[in-house]
Amino acid sequence: MNGNNRESERSTESTTTEKRVNDCAVPLSRRGFLQTGAAVGASALALGGSGIAAAQDAEACELWDQIEVGGGDFTLFNNKWGMEDAEQCIWRNDDGSYGYDFTATSGGINYPQVFVGTRPWGEDSGVPEFPIPRGDVDELVMEFDVDVNISGGEWNLAEEWWLMDGQPDPEDAPDTHEIMLVLDSENHSHGGVIEANAFTDQFGNVIDYWATPGGGTDANFHVFRLAEPATTGRVDLTSVIDFMTERRGVSEDLLLSGIELGDEYWAGTQGEVTYNQFDVTINGSTYTSGSDGGTGTEPPASPSDQWVNETTETSIEIGWESVADAESYRIYLDGDLEEETSETTATITGLSSDSSYEIGLSAVANGEESDVVTTTVSTDTDGGSEGPPSIDGTQPADTTGDGLHNDFTGSGSTTTTDVNVFFENVDNPDVADYPQYYDFDGNGQVSVTDVVELFESI
């Protein structure tokens, strides 16, 4: 989709349209190729079924129409930049899935699409990370699940982005490079492959450097493709970015516009494409779209019971109760992801002494993350006295030599007064966060049962 063919797109003002459809019946299929009896028979056969589709809550069929999807972080765009007379509609279903249907005419190329971020011609879905200097991208992952039902002619399912030397401008788009990754295609060719198996991303995708259709190896349009076509999966897009920087010398100062995903199609093609999932993660922020806003699964419960196992001058060890169905746990330090583990303990190191930190904890299952629960924990004082923090001005002491601090009043032994002080402060962070000193029942945390154990030891 060479940028040289985009003049009509640059000069046309985009509009936003959402058309309500009749709620009392599920449509048999999308518009166009199912509107006549002959087309119904041909299209239902091509789609391999009856053509029954999910109920819509928005539909738009005019040139450059837009519909918000994914809670507004993504924009579905009725892009008919090369074949304006094609019968093409975009739609959003009431379950969160979305897509488009089309019947090609002749000549040109269309590219109905969804995008997150910006485009050189001024469209913007409103997420704060885009546009972003290429050199500031540490993480860029695309996860997708797309039902592609297309027959006849030439088509592809392709992701792309633009590199820009300035901010998006509808009057004078600042695009310098167009980068495309073809995920799947039919009857689609750019001739010989420039470099087969050029690189492999972190998810095991082998990616070919396919073509520079703009002409010559110095062209500003670069096409990559998955060596094994897919309509479902995950791709690490930083691998493509790094290739362009390391092998093609593309400046890291150029702005990356945003991420687009759509279908190019040519004359003789008709079909329907449904997005069940299209998610983009950039530098720790994940934006989701599709059925139920993403994978269609509910996130697991948050870890409801966590504690501090040990603190030193430079480290904090935490523990927590396991969460049903959780595959892993994420630990955050002052809001930043510190690590992900399948264990129920974690040690954060490299901290400063006598400092307070906010420790966050969440559970992860099926790609969904629970709400993060936080607690504030302090490291030990450099060179300070050993033992837990003081309570009401008195530092509890271990008078029995077993490492557990049984004397809360400084009397030199355990009395019912110590038990009362312990009970009154059992939820105090200066006690609850230090099970290494107060875990009398040996279960790894501080609770009323520890008070009972201390009482029974008198």
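Select D208 first, and you will find it standing opposite R225 in β13. The model is predicted, so local features need pLDDT of at least 70 and side-chain atom pairs count only at pLDDT 80 or more, while totals for chains, interfaces and linings use all residues. Residues are numbered from 1 along each chain as its sequence is written, and side-chain values use heavy atoms, with hydrogens and water left out.

**Around β13**

Now colour strand β12 (residues 206–211) together with β13, and follow the antiparallel pairing that links them over four bridges (strands pair if DSSP finds at least two bridges between them). Zooming out to the chain, 49% of its 458 residues count as buried, and it holds seven helices and 26 strands (DSSP runs of H or I, at least four residues, or of E, at least two, numbered from the N terminus).

**The nonpolar cores**

F224 leads on to the largest nonpolar core, which has 56 residues, and F224 is among those with the most contacts inside it, together with L140, I259, Y275 and F278 (a core joins buried Ala, Val, Leu, Ile, Met, Phe, Trp, Tyr and Cys through side-chain atoms within 4.5 Å). Centre the view on L140 and, leaving aside its neighbours within four places in sequence, display its contacts (heavy atoms within 4.5 Å), which include F130, V235, L237, I241, L256, I259, V280 and I282 as well as D236, T238 and T281. A second, separate core has 16 residues, including V308, I318, I331 and I348.

**An open sheet**

Next select residues 306–311, 316–320 and 345–348, which are the strands β19, β20 and β23. These three form an open sheet in the order β19-β20-β23, with antiparallel pairing. Because β19 and β23 stand at the edges with a single partner strand each, one side of each is left without a neighbour in the sheet. The antiparallel pairing of β19 with β20 extends over five bridges, and Q306 can be picked out opposite W320 in β20.

**Pocket and cavities**

Turn now to the largest pocket, with a volume of about 730 Å³, and select E139, T281, T286, R330 and G367, which of its 24 lining residues lie nearest its centre. At least two lining residues each come from β8 (140–151), β17 (270–282), β18 (285–287), β21 (328–333), β22 (336–341) and β25 (368–369), and β17 gives the most, with four.

Finish at the largest cavity, of about 50 Å³, where the lining consists of R134, W161, L163, I179, I241, M244 and L256. The elements giving two or more residues to that lining are β9 (155–164) and α3 (238–248). In the whole structure, the search finds three cavities of 30 Å³ or more. On a 1 Å grid over the protein atoms alone, a 1.4 Å probe fits in a cavity but cannot get out, whereas a pocket is an open set of points with protein on both sides within 12 Å along at least five of seven lines, and lining residues have an atom within 4 Å of a point. Points are joined across faces, edges and corners, and volume is the space filled by probe spheres set on them.

Notes. Buried means under 20% relative accessible area, exposed over 50%, partly exposed in between (1.4 Å probe, protein chains only).
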